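These are my notes from an afternoon of looking things up in one structure. I went element by element and wrote down what I found.

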Amino acid sequence: MKSAGDAVVVDGLSRTFADVKALDGVGLRVAAGEISGLLGPDGAGKTTLMRILCGIMPADSGSAMVAGEDVLRRPERVKSRIGYLSQRFALYSDLTVGENVDFTARLFGVGRDEYRPRLAELLAITRLAPFADRPAGKLSGGMKQKLALICCLIHRPEVLLLDEPTTGVDPASRRDFWRLLEQLPAQGVTVVVSTPYMDEAERCDSVALLHSGRVMAAGSVDEIRSLFTGSLFSITAGPQAVARERLAAHPAVSAAVVFGDHLHVTATAGTALQTLLEPLEAAGVSVEHAEQIEAGLEDAFTQLVGGESSRG
């Protein structure tokens, strides 16, 4: 359920550690009632941005408003209005599921009579009800993340900040976790989630691409895909290393990127597929499959940041 206004507004946010510019003039807007993804590799600045937004780290310059509160000037005021899930499991392993939730609720000043109905609802949604008396340390990785999510939601926050919540979690648990997240906007919760995974970013209402502390692009997934320029081809050929070398040397090609067992080849708009295949055939490369395709989010991201597999 999307509503008018912005739940998160960031402008010119910068933060430096020694000689490393973790954030460099970051600007970001997240509409209330949406799921917004921060997509980027390790070192992009995602965790630094998350910590500033939840009021536990200062910025060098810029401004940041979360749930209507200035997190740089009055960080304590925002903490009761947000939920924050860090990368590392931060609950008590020797306490049970129920005891961890009870402890968290008390920290937020939520009385037992108030949170009990909410807890029952969250345990049912996460399917953790049968494990309410199990010590948190004996839960699987995916179940620990679900417990951490319950603790983040027990005080009914307006904004939920999740820092790579599914890293290291098995695929089935990742899917379950995202099914839970997708229910939250209907409950009035705005979700900001950082992730290194393209498939997770594609499930968001909006995405900001972070690289080297800067926002390279922001918008809906379709809007970011539309930033891709040129013609894109998928080519499966072997030996792959030889195929990539030959394609990268083609005058019309700007990038040849490995995607599993095939290559994504970016060429000048209007390039004919056959002109790319001719040098492969001349080099004795066996082409199993080749076609022109639509650019995906990863293709747009790779092109925007230059990519590690750029031509040359």
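Helices here are DSSP runs of H or I with at least four residues, strands are runs of E with at least two, and both are numbered from the N terminus. The model is predicted, so I noted that local features need pLDDT of at least 70 and side-chain atom pairs count only at pLDDT 80 or more, while totals for chains, interfaces and linings use all residues. Residues are numbered from 1 along each chain as its sequence is written, and side-chain values use heavy atoms, with hydrogens and water left out.

**Helix α1.** I then asked how many of the eight residues of helix α1 (residues 46-53) are buried. Six of them are, so the helix is largely enclosed by the rest of the structure; buried means under 20% relative accessible area, exposed over 50%, and partly exposed in between, with a 1.4 Å probe and protein chains only. The buried residues of α1 are K46, T48, L49, M50, I52 and L53.

**Q145.** I also checked Q145, which sits in helix α5 and is buried, with a relative accessible area of 8%. Leaving out residues up to four places away in sequence, I found that Q145 touches L85, F89, P165, V169 and F177.

I searched on a 1 Å grid over the protein atoms alone, where a cavity is a set of points where a 1.4 Å probe fits but cannot get out, a pocket is an open set with protein on both sides within 12 Å along at least five of seven lines, and lining residues have an atom within 4 Å of a point. The largest pocket holds about 600 Å³ of space, a volume being the space filled by probe spheres set on the points, which are joined across faces, edges and corners. Of its 21 lining residues, Y84, L91, T104, L107 and F108 are the closest to its centre. The whole structure has one cavity of 30 Å³ or more, and the largest cavity has a volume of about 70 Å³. Its lining includes L122, I125, L149 and Q187, and α4 (112-126) and α5 are the elements that give two or more residues to that lining.

**Sheet.** Last, I traced an open sheet of four strands in the order β12-β13-β11-β14, with antiparallel pairing; two strands pair if DSSP finds at least two bridges between them. The edge strands are β12 (253-259) and β14 (286-293), each pairing on one side only. Strands β11 (residues 231-238) and β13 (residues 262-267) pair over five bridges, and F233 has V265 as its bridge partner in β13.

How values were computed
Contact means heavy atoms within 4.5 Å.
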